[in-house]
Amino acid sequence: MLSRTADHLFWMSRYMERAENTARMLNVSYETSLLPQSAAAVEAGWEGILSISELLPSYLALYKTITPKDVMSFMVKDVDNPSSIISCLRAARENARAVRGTLTTEVWETQNQTWLEVNRMLKNGELEGDPGQFFEWVKFRSHLSRGVTVGTMLMDESLHFMRMGTFLERADNTARLVDVKFHAMQNDFFGAPQYGTSETESSQEYDFYHWSAILRSVSGFEVYRKVYRDVIRPERVAELLILRPDMPRSLHASLNEVVSNLKLVSHDVDSDTLRHAGRLRSELAFGRIDEILATGLHAYLTQFLERVNVLGGRISREFLMPQST
């Protein structure tokens, strides 16, 4: 496969996944902001969204204060923000258009229709009218895109590069989400104290909504209940989103997919890229949450993000045309 074609397919999938991840985070923050809480807590929640995407400085350069309306506008409609939903969907569609002949008609029409429809919806003010419904639509279009891709594309290198892009982006986003949300609770996270008499009912209630919001942002609330059948505890949330291979949006599950598809496109079993990805996946496969928490969750996730970024760079150098994120 031509490296230029592989590059477009890889980034088409990454941008679509990024749009969905942004919609997930904004939707949960919007719903959480409607709960009874202080103005400072609401502002901190929206600031966390900007921090996850490393966009806080860019936002503050345009807006004086952090408000739900301004954050949603910046993260959804701002064409100058490369991580906004509109920018991601435009980039996904442009990458798809560049390799139109490689895609099936269904995949191309899904990408193109999504781009046309999102412009119509934003022009008609549907984001302001019902933000939750708009974010659900973005998630649905991303699900549709992945389903059509798997259901209609030939299982060759084209599909493998698309899947690789999807799950590399998902691993990056989940790590950022867990890092920022846990970091908001403490300076670092070395494990939470056991629930006892010293903890007030109000703090327990806040914790429930806080951790529930994190789980819902990755469609993990029902999964958590099924796996642990217990109250929501921070350590178990971390374990679910980092180490569980059967949790679709966990770091472990995402790296499993990256490595599997990387093996299918790599002609060199001794490839440095494959070895780097395999080592990262192995540490997740044999890791223990108590060991991770013993060294500090923030430190662990910071290192993980650096290594995922290095892996993305290695994939680009070995298989793709150089392109900035």
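A salt bridge is a side-chain nitrogen of Lys or Arg within 4 Å of a carboxyl oxygen of Asp or Glu. The exercises below apply this and related terms to a predicted model, in which local features need pLDDT of at least 70, side-chain atom pairs count only at pLDDT 80 or more, and totals for chains, interfaces and linings use all residues. Residues are numbered from 1 along each chain as its sequence is written, and side-chain values use heavy atoms, with hydrogens and water left out.

**Exercise 1. Overall form**

Task: Describe the secondary structure of the protein and state how its radius of gyration relates to the globule rule.

Solution: 
- Step 1. Helices (H or I, at least four residues) and strands (E, at least two) are DSSP runs, numbered from the N terminus. The protein has 16 helices and zero strands.
- Step 2. The radius of gyration is taken over C-alpha atoms, and the globule rule is 2.2 Å times the number of residues to the power 0.38. Because the radius of gyration is 20 Å, close to the 20 Å that the rule gives for 325 residues, the protein is as compact as a globular protein of that length.
- Step 3. Along the principal axes, the C-alpha atoms fill a box of roughly 65 × 50 × 35 Å.
- Step 4. Contact means heavy atoms within 4.5 Å. Among contacts with a separation of 6 or more, 67% join residues 24 or more positions apart.

**Exercise 2. Burial and the nonpolar cores**

Task: Determine what share of the residues is buried and which residues have the most contacts inside the largest nonpolar core.

Solution: 
- Step 1. Buried means under 20% relative accessible area, exposed over 50%, and partly exposed in between (1.4 Å probe, protein chains only). Of the 325 residues, 52% count as buried.
- Step 2. A nonpolar core is a set of buried Ala, Val, Leu, Ile, Met, Phe, Trp, Tyr and Cys residues joined through side-chain atoms within 4.5 Å. The largest such core has 86 residues, and Leu 26, Phe 134 and Ile 242 have the most contacts inside it.
- Step 3. Helix H9 (residues 157-183) gives the most to this core, namely 10 residues.
- Step 4. A second, separate core has 11 residues, including Val 99, Leu 103, Trp 108 and Leu 159.
- Step 5. Not counting residues up to four places away in sequence, Phe 134 touches Val 76, Ile 85, Val 118, Met 121, Leu 122, Glu 126 and Leu 127.

**Exercise 3. Salt bridges within helices**

Solution: 
- Step 1. Side chains of opposite charge can pair when their charged atoms come close.
- Step 2. In the bridge between Arg 97 and Glu 94, the closest N and O atoms are 2.6 Å apart.
- Step 3. Arg 97 is partly exposed at 47% relative accessibility, and Glu 94 is partly exposed at 31%.

**Exercise 4. A salt-bridge network and Arg 170**

Task: Identify the members of the network formed by salt bridges that share partners, and state whether Arg 170 is buried or exposed.

Solution: 
- Step 1. Salt bridges that share partners join Glu 17, Glu 20, Arg 24, Arg 146, Arg 170 and Arg 249 into one network.
- Step 2. Arg 170 lies in helix H9 and is buried, with a relative accessible area of 6%.
- Step 3. Leaving aside neighbours within four places in sequence, Arg 170 is in contact with Glu 17, Asn 21, Arg 146, Pro 248, Arg 249 and Ser 254.
- Step 4. Arg 14, found in helix H1, is buried at 8% relative accessibility. With neighbours within four places in sequence left aside, Arg 14 contacts Gly 165, Leu 168 and Glu 169.
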